[in-house]
Amino acid sequence: MTSHVESLRDPDVEERRQRAVESLQILGPGKDERYERITRLARLLFDVSRTSITVLDGERAWFPSSQGFDVDEVPRSESFCDQATDLGRLLVVEDTAADERFKHLQLVRDGAVRFYAGHPLRDAIGNVVGVFCLYDSKPRTLEGELLDAFRDMAAWAEQELVSSTEMSQAGRVQASLLPSKPIRVGEWDVNGLCLPALAVGGDFYDYGVLNGVVHLALGDVMGKGTGAALVGAGARAAIRGTNSAVTAGVDLGVTATQVARSLLADLERAESFVTLFQTAIDLDDGYTRYVDAGSGLCLVVTPEGETIRLDSDDRPFGILPEDHWSEHELTLEPGARMLVFSDGLLDLIDDPMEWWVPIGELMREAADADALLASVARLTRERTPLDDVTAVAVFRRHEGVP
């Protein structure tokens with residue numbers, strides 16, 4: 001029976017299906033609560049002895065989630081979902097013991113499974129990447145409102161298996177594009193964090209050191225989610241392309257204007273805009289140049305404890321085609337600290353109208369850049385963020401202070 005089923009399987013379709021399963025990157029140990037929620041509810045709603053989300057990986061059937069049995073995987077030849085996957089459509093078997101395709105299976109011979117329903121779960125281009133399954137120990141039917149409910153729950157399972165997995169992968173990719181480690185050079189510490197409100201977000205930041213100059217940028221794309229993330233990736237790449245010029249001393253207003261003009265057509269098509277704070281800091285003397293494109297969210301705390309807001313009247317990228325941007329300057333003395341952040345942080349403080357007061361206090365209380373970012377992260381855990389929360393901290397220690 002097994003060899004006969006395998007002979008009917010289209011090898012080209014199976015190869016594409018296997019690649020699609022592997023591309024989801026879900027094959028591994030452990031259960032996922034997103035799937036567990038679905039199978040638990042299905043077991044109660046349909047009053048069956050077992051439920052599962054099943055993925056066929058090569059010659060094994062693996063269960064990202066299951067209720068009513070503890071086995072993580074079985075040979076594909078012993079799986080009911082082998083047939084549902086090959087058929088590529090809803091399969092309801094009212095009595096498995098009377099069905100030639102299933103009566104040879106051990107679970108059927110043992111009387112553990114006499115009813116089976118399997119609904120294929122497909123990726124965006126139609127490959128069957130999983131099956132949503134019901135099993136019961138006695139023969140039964142599935143029709144009417146219950147059949148409609150089964151189709152609805154299968155659509156939910158498909159969304160979690162495919163769409164949510166893709167979003168999780170996108171989130172990992174986006175995180176991998178951020179700086180991999182902080183900057184620790186002499187008196188200087190620079191570090192950042194990005195906490196998207198969804199799996200991916202529209203905030204981005206970047207920093208590095210070149211020619212003894214720290215170049216730093218933090219941007220915020222209007223909106224959240226995948227669309228904002230795509231716009232943010234393009235803006236980040238365009239800004240990074242100016243780093244050599246910036247660290248060589250080219251006016252930041254000039255480079256920002258060039259970047260804004262290069263992004264204008266894309267921003268107009270996306271009906272979006274980008275706020276940006278970009279700075280270049282000379283590590284020898286603390287001389288700091290910056291451009292503010294509609295952000296206004298940068299604080300400096302001086303060695304004497306005074307809070308200074310850095311902003312400008314320049315608009316975000318993507319508002320008016322003839323806009324241009326101007327460079328400003330200051331000096332970060334030993335003992336000074338700077339925090340650049342996105343407006344998601346404002347949702348987490350008690351007084352967003354005079355936000356510089358509580359955020360300035362956080363900056364004064366922090367022992368170093370890492371401690372300041374830890375305080376920001378703690379706020380996101382204690383209060384529900386409504387938007388992406390991104391921050392980059394720059395600390396300049398007094399000479400000789402560890």
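Is Cys 133 buried or exposed? With a relative accessible area of 0%, Cys 133 is buried, where buried stands for under 20% relative accessible area, exposed for over 50% and partly exposed for what lies in between (1.4 Å probe, protein chains only). The model is a predicted one, in which local features need pLDDT of at least 70 and side-chain atom pairs count only at pLDDT 80 or more, while totals for chains, interfaces and linings use all residues. Residues are numbered from 1 along each chain as its sequence is written, and side-chain values use heavy atoms, with hydrogens and water left out.

Another cysteine, Cys 194, is also buried, at a relative accessible area of 18%. A disulfide is a covalent bond between the sulfur atoms of two cysteines. Taken as a pair of cysteine sulfur atoms within 2.5 Å, disulfides number zero here.

Turning to the sheet, six strands make up an open arrangement in the order S7-S8-S17-S16-S13-S14, with antiparallel pairing. Helices (H or I, at least four residues) and strands (E, at least two) are DSSP runs, numbered from the N terminus, and two strands pair if DSSP finds at least two bridges between them. At the edges are strand S7 (183-185) and strand S14 (307-310), each of which pairs on one side only. From one strand to the next, the twist averages 15 degrees; axes are lines fitted to C-alpha atoms, for helices over the stretch in contact, and angles run from 0 to 180 degrees between N-to-C directions. Four bridges link S13 (residues 298-301) to S14 in the antiparallel sense, and Val 300 stands opposite Ile 308 of S14.

Two helices accompany these strands. Helix H10 (residues 356-365) lies across S13, S14, strand S16 (337-341) and strand S17 (389-396), and runs at about 50 degrees to S13. Helix H11 (residues 369-382) packs on the sheet and touches S7, strand S8 (188-195), S16 and S17, contact being heavy atoms within 4.5 Å. The direction of H11 makes about 15 degrees with that of S8.

Within helix H11 sits Thr 380, which counts as buried at 15% relative accessibility. Its side chain reaches the backbone oxygen of Ala 377 at 2.6 Å.

Elsewhere, helix H3 (residues 33-46) holds Leu 45, a residue that counts as partly exposed at 44% relative accessibility. Leaving aside residues up to four places away in sequence, Leu 45 touches Leu 146, Ala 149 and Met 153. Leu 45 and Ala 149 are 104 residues apart along the chain, and their C-alpha atoms are separated by 9.0 Å.

Key:
Polar contact = N/O pair within 3.5 Å; in protein donor to acceptor, adjacent residues only side chain to side chain.
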